[in-house]
Amino acid sequence: MTSPIDDFVQQNQTRFFDELLEFLRIPSISTLPEHRQDVARAAQFVADGLTRAGLENVEVVPTDKHPLVYADWLGAPGKPTVLCYGHYDVQPPDPLELWKTPPFEPNIRDGNVYARGACDDKGQMYMHIKAVEALRHVHGGKLPVNVRFLIEGEEEVGGDSISRYVPLHKQKLKADVALVSDTELFADGVPTLCIGLRGLIYLEIEARGPARDLHSGVYGGAAPNAVYGLIELLAKAKDADGHIRIPGVTDDVVPPDAAELESWRRLPFSEEEFLRDQVGSSALTGEPEQSVLERVWARPTFEVHGIAGGFASAGAKTVIPAQATAKVSLRLVPGQDFEEVGRALERAVRTAAPEWAEVRVNLLHGGNPVQVDVTAPAFEVLDQAFESVVGRKAVPVRAGGSIPIIPELGLTGAPVILTGIGLPDDGLHSPNEKLDLSQLWSGIEIFGRFFEMFARSGAGSATPRPVRSA
Ligand SMILES: [Zn+2]
């Protein structure tokens, strides 16, 4: 189905495409100091692109590390405001030898453009910018909706600058919805909306036994072993079926409702393929009464990441370790609070520790789970946009991990749409990252229509009308 936005995109395809390739040629690898100038160049490229698209107040905001880019267009009084987020930095491309063509020399094969950042996130962020440019053209130099852009260059290195910026500029970033496209579709042709992220608490547990490492021949049989004591302690955290048995940790877990569970059952997901292609072990583990998607999205976890203590080098040394440390974490789901979970874990460790052991629990970092309130009008509008371009509404999914920007953007008071136009095989963070060009063009169309439909939806305006003096 063609539309005025589509027509404009068609007419400008060559230019849009050339600009994207130019963007992809900039090796804006945020983690490598030798690319600092490239990162700065990418920020300027984004700023120029925003200016070209007709945005105003375009600013490259210096930070301690890599610049933020801000821009807005607020010429639609009484209409809602969309805050578009994206990032222009990319992951390092190594291992280079696995790339079929160089990562910063975009190559077109089989309807895809291959380059680092093609999907994550340059390509997807570019869709927002080009949607605005097309829309402005279609609407005679104006936009039907107010928009703000906040684009960062530190997403791949923790996003410190944006997390400092957002709380200080809540008013400047005020919007009715925040739009993030930085993930992939659940499956090709299935528009996807992420509505929940697990939280995390990361801890270090230390056990001390004897005053010093002891000879296992002289003392073995009578002296406590710190590594073994720690293992016994850790083994109590879960039963054989993977149920967490730490008192007080799972009491308040809120399970997904029936409708959400039903929607997961309809997703094109194969446990067999997940086991074979992604996990690569002989069997899956975890709570048998829960589906795999429930286990990775909606159930808390307890993992041991590593244990240190005693002797583990080459050869043999007969020692009874005096001290042992384990790094552990729990992924958290709605109903859980990371500070409460931390306290419960510490209590459990003290209660369950062998009487000879001196134990210590250190909290390294934590964050609460996030649930997106999808009752805001923007979500219905996004579904309409997907339906009009792709022919179906978005399926709601969750992410088992955390995506830092979601709680950050939530601070602006706007509900956060976390979607993605990438395909599951786009290879984000991997060699031969790509963007399917049909996804590029349909993405511009989807977001263009979303802006247009949101303007018409009558959703509340976060932008105050200009005050008229009497
Ligand atoms: Zn990304």
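**Reading a serine, a sheet and a helix**

Visitor: In which strand is the place of Ser181?

Guide: Ser181 lies in strand β7, which covers residues 177-181; strands here are DSSP runs of E with at least two residues, helices are runs of H or I with at least four, and both are numbered from the N terminus. This is a predicted model, in which local features need pLDDT of at least 70, side-chain atom pairs count only at pLDDT 80 or more, and totals for chains, interfaces and linings use all residues. Residues are numbered from 1 along each chain as its sequence is written, and side-chain values use heavy atoms, with hydrogens and water left out.

Visitor: Is Ser181 buried or exposed?

Guide: Buried means under 20% relative accessible area, exposed over 50%, and partly exposed in between, using a 1.4 Å probe and protein chains only. Ser181 has 1% relative accessibility, so this residue counts as buried.

Visitor: How are the strands β4, β5 and β18 paired?

Guide: Strands of a sheet pair through backbone hydrogen bonds, either parallel or antiparallel, and two strands count as paired if DSSP finds at least two bridges between them. Here the open sheet of 3 strands has the order β4-β5-β18, with antiparallel pairing. Because β4 (107-109) and β18 (434-436) each have a single partner strand, they stand at the edges, and one side of each is left without a neighbour in the sheet. Strand β5 (residues 112-114) is joined to β18 by 3 bridges, and Val113 stands opposite Leu435 in β18.

Visitor: How many residues of α13 are buried?

Guide: In α13, 17 of the 20 residues are buried, so this helix is largely enclosed by the rest of the structure.
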